[in-house]
Amino acid sequence: MLDSNMNQEVLPAPMVDPERPCVLVLAAGRGERFLASGGSSHKLQAMLGQQTVLQTTLAAVQASGLPWHLECGPHPGMSDSIAAAVKATAGAKGWLILPADLPLVQAATLHELALQLTRLDSRELHVIQPFYQGRKGHPVAFSRAAAQALALLSGDQGAASIVRNAAKNQRLQRWDCDDIGCVLDVDTVQALEEARKIWHDRNSRSSKSP
């Protein structure tokens with residue numbers, strides 16, 4: 001679980017907006033794979049540039065302009081984290097579920113997913129899954145009709161059962177994007193180094209732009 005001081009490093013979340021989806025940032029995991037790979041801290045407290053992984057993820061979320069909620073737990077599993085976050089944001093018009101260890105996700109990606117979700121009937125179960133070069137990514141977007149099912153989740157399978165249900169009823173939409181941040185999580189030290197390289201390259205290109 002995150003160090004208790006971590007909550008002091010992030011800005012307060014904005015109010016939930018009933019007209020817009022809310023980004024649920026899941027930060028309750030123990031990060032055991034990262035520690036086992038040689039990490040010396042929780043993966044979300046590892047540095048990426050001048051900020052931690054968590055701060056970098058939240059910076060993208062904040063830049064998207066969407067309402068958001070940070071779920072730190074503790075919770076026994078990812079499904080429990082999702083359920084708690086949905087209950088805490090019950091008034092939202094849908095949710096974008098984003099694990100906090102994807103610091104390269106871009107604000108434009110979040111904004112586009114939210115826009116696609118708002119175009120669908122919120123009274124029906126709809127799920128939008130982003131893909132990057134054929135790989136399933138995050139955040140996964142859920143319409144408001146998924147509220148009850150999301151709030152009842154428990155265990156370690158995330159919201160996979162709801163995604164399967166949406167697919168069965170032809171309510172699962174695939175969105176192919178060009179954002180590697182959707183799939184590059186920092187579960188290991190090696191993944192963190194890859195993320196640092198991409199982060200550095202991005203910043204170098206932006207600094208050279210006129």
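The following legends describe close-up views of a predicted model.

Residues are numbered from 1 along each chain as its sequence is written, and side-chain values use heavy atoms, with hydrogens and water left out. Because the model is predicted, local features need pLDDT of at least 70 and side-chain atom pairs count only at pLDDT 80 or more, while totals for chains, interfaces and linings use all residues.

View 1. Helices (DSSP runs of H or I, at least four residues) and strands (runs of E, at least two) are numbered from the N terminus. In helix 3, which covers residues 78-88, the buried residues are Ser79, Asp80, Ser81, Ile82, Ala83, Ala85 and Val86. Here, buried means under 20% relative accessible area, exposed over 50% and partly exposed in between, with a 1.4 Å probe and protein chains only. The cover over these buried residues includes strand 1 (22-26), strand 4 (68-71), strand 5 (95-99) and helix 5 (147-151). Between strand 4 and helix 3 runs a loop that holds Pro74. The peptide bond from Gly73 to Pro74 is cis, with omega near 10°.

**View 2. The salt bridge between Asp187 and Arg33.** A salt bridge is a side-chain nitrogen of Lys or Arg within 4 Å of a carboxyl oxygen of Asp or Glu; the count by this rule is 11. Asp187 and Arg33 form one of these, with an N to O distance of 3.3 Å. Asp187 lies in the loop between strand 9 (172-176) and helix 7 (189-208), and Arg33 lies in helix 1 (residues 32-36), so the pair ties together parts that are 154 residues apart in sequence. Asp187 is buried at 16% relative accessibility, whereas Arg33 is exposed at 55%. Arg33 and Asp187 also belong to a network of salt bridges with Lys43 and Asp101.

View 3. Asp201 and Lys197 meet through their side chains at 3.2 Å, N to O, in a salt bridge. Both residues lie in helix 7, four residues apart, which is about one turn of the helix. An α-helix has 3.6 residues a turn, so residues three or four places apart point the same way. Asp201 is partly exposed, at 29% relative accessible area, and Lys197 is exposed, at 56%. In the other pair, the closest N and O atoms of Asp17 and Arg20 are 3.2 Å apart. Asp17 is partly exposed at 23%, as is Arg20 at 33%.

**View 4. Arg174 over the ring of Phe131.** Arg174, in strand 9, lies over the face of Phe131, at 3.9 Å from the ring centre. A charge sits over a ring if NZ of Lys or CZ of Arg is within 6 Å of the ring centre and within 35 degrees of the ring normal. Arg174 is partly exposed, with a relative accessible area of 49%. Not counting residues up to four places away in sequence, Arg174 is in contact (heavy atoms within 4.5 Å) with Gln129, Phe131 and Gly134. The side chains of Arg174 and Asp176 are joined by a polar contact of 3.1 Å. A polar contact is a pair of N or O atoms within 3.5 Å; within protein, one must be able to donate a hydrogen and the other to accept it, and residues adjacent in sequence count only if both atoms are side-chain atoms. Arg174 and Ile128 are 46 residues apart in sequence, and their C-alpha atoms are 5.9 Å apart.

**View 5. Two threonines in helices.** Thr56 is placed in helix 2 (residues 53-63) and is buried at 2% relative accessibility. Leaving aside neighbours within four places in sequence, Thr56 contacts Leu48, Gln51, Pro103 and Trp199. Thr118 is in helix 4 (residues 107-118) and is partly exposed at 30%. A polar atom of the Thr118 side chain lies 2.7 Å from the backbone oxygen of Leu115.

View 6. His138 and Pro139 are joined by a cis peptide bond with omega about 5°, and Pro139 is in the loop between strand 7 (135-136) and strand 8 (140-142). Gln133, in the loop between strand 6 (127-132) and strand 7, has a positive phi of about 50° although it is not a glycine. Gln133 is exposed at 67% relative accessibility. Gln170, in the loop between helix 6 (160-168) and strand 9, has a positive phi near 55° and is exposed at 74%.
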